[in-house]
Amino acid sequence: MSIPALLLRPPQPLLRGLFTGSFHRHHCVSHSSTPRGRGLSCARPLKSLGFQYTKQMLPSNSLRREFCTQTTLKDYTEELSDKEQRLVDRLYTGLIQRQRACLAESITLIESTHHRKKDLAQVLLQKVLVYHREQEQLNQGKPLAFRVGLSGPPGAGKSTFIEYFGKMLTERGHKLSVLAVDPSSFTSGGSLLGDKTRMVELSKDLNAYIRPSPTRGTLGGVTRTTNEAILLCEGGGYDIILIETVGVGQSEFAVADMVDMFVLLLPPAGGDELQGIKRGIVEMADLVAVTKSDGDFVVPARRIQAEYVSALKLLRKRSEVWSPQVVRISAKTGEGIAEMWDKMRDFQNVMLASGELTAKRRRQQKVWMWNLIQDNVLEHFRAHPTVREQIPLLESKVLSGALPPGLAADLLLKTFQKRN
Ligand SMILES: Nc1nc2c(ncn2[C@@H]2O[C@H](COP(=O)(O)OP(=O)(O)OP(=O)(O)O)[C@@H](O)[C@H]2O)c(=O)[nH]1
């Protein structure tokens with residue numbers, strides 16, 4: 001993420017003072033070379049970012065990007081001790097040699113909340129990014145992997161489906177990575193997804209890698225590490241990345257901003273059971289699959305399929321080349337799953353050929369960057385001593401109706417600005 005960060009315009013006065021903590025350390029890096037052993041500097045790099053290296057001063061987009069990546073990597077690398085450098089090199093080499101243990105260790109590193117480990121993770125990510133780009137160039141600019149978001153309410157049949165689908169893909173020579181973003185893991189401490197016992201066969205498959213989301217942190221934090229984990233998995237040679245979420249919260253909106261295709265699994269159940277599914281989630285779906293279409297469930301599955309075919313027709317068209325479709329599948333009998341995969345490939349092909357996929361990925365990079373900024377700015381705002389002190393009082397005044405929310409927000413923002 002430091003590449004887009006390097007191209008940011010000079011910071012606005014309000015924001016200028018904010019970039020002093022982890023955001024700046026991880027995402028804004030100095031252009032000028034930093035002698036080994038010197039601590040990470042915040043003020044100087046930001047100055048150079050904003051005022052010395054403007055768009056006009058560098059020859060072309062691609063050259064500028066190249067320039068930024070290399071110097072970014074160099075700056076971080078010089079900060080590392082020999083031991084740290086060896087760790088990053090070992091993980092990077094192991095990762096691109098497709099060693100699962102190194103992929104697992106690398107993801108653990110990016111999930112770490114430890115201050116120094118976070119720095120190391122960024123160095124590793126930069127190296128993987130460069131490698132990733134080289135590989136994409138060798139692949140005639142085509143993406144290295146197909147990123148698929150998969151969502152559905154609890155009990156929809158997600159794990160049974162992934163088990164069957166995953167085995168089918170690995171038998172066809174693919175390498176599949178399943179990343180589970182589970183919002184329950186940080187609200188209740190429990191874990192709905194990612195539990196390996198849910199996909200017993202697939203977790204034993206050497207061409208499949210299943211990874212639950214970390215159990216700590218905020219949704220923002222988890223989605224950030226998921227984005228980074230996607231890159232690591234792709235660097236590790238996985239060509240299909242499945243990101244699984246439970247379709248009841250905010251996480252699927254975040255996941256939709258990370259993937260090429262969004263697939264919604266729905267059980268053949270009545271309206272009541274599907275109420276938990278937010279309308280917005282259906283709107284994001286590129287493909288809806290009605291699960292458990294076998295035995296007694298075939299009739300209700302057909303009904304749900306017909307309902308969703310009609311409902312999707314009413315939605316605003318999101319693509320020039322693809323209209324969302326509704327299929328019926330059974331992970332018990334396997335019916336419809338190969339056909340579903342064919343449709344997914346059709347989607348990938350038409351989206352790629354039309355240029356929509358590339359455009360979507362570009363947009364997602366920008367969303368990712370702004371999500372990080374938003375998260376960090378908010379973190380700094382909440383951590384500000386005076387603001388933190390005033391929040392409970394102002395919140396209670398807003399709750400009791402004594403203060404309009406707009407005024408309370410203005411007061412807090414002014415307090416924040418004064419001290420920055
Ligand atoms: N008949 C039939 N039952 C299925 C099928 N797929 C899943 N089931 C059953 O549906 C139930 C829920 O399936 P899971 O795969 O655990 O569903 P899930 O969406 O992963 O559920 P959570 O882990 O709670 O999110 C289990 O009892 C499965 O045996 C299917 O294709 N046909």
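This is a predicted model: local features need pLDDT of at least 70, side-chain atom pairs count only at pLDDT 80 or more; totals for chains, interfaces and linings use all residues.
**Figure 1. Overall organisation of the protein chain into three assigned segments.** The chain is divided into domain 1 (77-138), domain 2 (143-354) and domain 3 (368-417). Its secondary structure comprises 19 helices and seven strands. Between the C-alpha centres of domain 1 and domain 3 the separation is 36 Å. Of the 420 residues in the chain, 50% are buried. The accessible surface of the protein chain amounts to about 20,400 Å², and carbon and sulfur atoms account for 55% of that area. When contacts between residues at least 6 apart in sequence are considered, 76% of them join residues at least 24 apart.

**Figure 2. The largest nonpolar core, with contributions from domain 1 and domain 2.** This core contains 48 residues. The residues with the most contacts inside the core are Leu103, Ile107, Leu124, Leu232, Ile241, Ile243 and Phe262. Helix α8 (residues 115-138) gives the most to the core, supplying seven residues. At least three residues of the core come from each of domain 1 (77-138) and domain 2 (143-354). In soluble globular proteins, nonpolar side chains tend to be buried together. Apart from this core lies another, of 32 residues, which includes Phe146, Leu150, Phe165 and Met261.

**Figure 3. Surroundings of Ile107.** Ile107 is one of the residues with the most contacts inside the largest nonpolar core. Leaving aside residues up to four places away in sequence, Ile107 touches Tyr209, Arg211, Ala229, Leu232 and Cys233. Of these partners, Leu232 is likewise listed among the residues with the most contacts inside the core.

Figure 4. A polar backbone atom of Gly157 lies 2.9 Å from an oxygen atom of the ligand. A polar backbone atom of Lys332 is 3.2 Å from an oxygen atom of the ligand. On its own the ligand has 640 Å² of accessible area, and the protein covers 70% of it.

**Figure 5. Two non-glycine residues with positive phi, Arg98 and Lys292.** Arg98 occupies the loop between α6 (82-96) and α7 (100-111). Although Arg98 is not a glycine, its phi is positive, at about 70 degrees. Lys292 is located in the loop between β6 (287-290) and α15 (298-313). Its phi is also positive, at about 55 degrees, and Lys292 is not a glycine either. Lys292 is classed as partly exposed because its relative accessible area of 30% falls between the 20% and 50% limits.

**Figure 6. Leu202 in helix α11.** Leu202 belongs to helix α11 (residues 200-204). With a relative accessible area of 0%, Leu202 is buried. Not counting residues up to four places away in sequence, Leu202 touches Ile162, Glu163, Gly166, Lys167, Leu176, Val178, Ala208 and Ile210. His384 lies 182 residues from Leu202 along the chain, and the C-alpha atoms of the two are separated by 46 Å.

**Figure 7. Val321 in the loop between α15 and β7.** Val321 is placed in the loop that runs between α15 and β7 (325-328). Its relative accessible area is 36%, so Val321 is partly exposed. Val321 makes contact with Val350, Met351, Ser354 and Glu356, residues up to four places away in sequence being left out. Val321 and Ser354 are 33 residues apart in sequence, and their C-alpha atoms are 7.4 Å apart in space.

**Figure 8. Val246 in strand β4.** Strand β4 (residues 240-246) includes Val246. Val246 counts as buried because its relative accessibility is 2%, which is under the 20% limit. The C-alpha atom of Val246 is separated by 10.0 Å from that of Leu265, a residue 19 places away along the chain.

Terms used. Residues are numbered from 1 along each chain as its sequence is written. Side-chain values use heavy atoms; hydrogens and water are left out. A nonpolar core is a set of buried Ala, Val, Leu, Ile, Met, Phe, Trp, Tyr and Cys residues joined through side-chain atoms within 4.5 Å. Buried means under 20% relative accessible area, exposed over 50%, partly exposed in between (1.4 Å probe, protein chains only). Helices (H or I, at least four residues) and strands (E, at least two) are DSSP runs, numbered from the N terminus. Domain bounds come from an automatic or database domain assignment. Contact means heavy atoms within 4.5 Å. A polar contact is a pair of N or O atoms within 3.5 Å; within protein, one must be able to donate a hydrogen and the other to accept it, and residues adjacent in sequence count only if both atoms are side-chain atoms. Accessible areas come from the Shrake-Rupley method with a 1.4 Å probe; for residues, only the protein chains shown count as cover.
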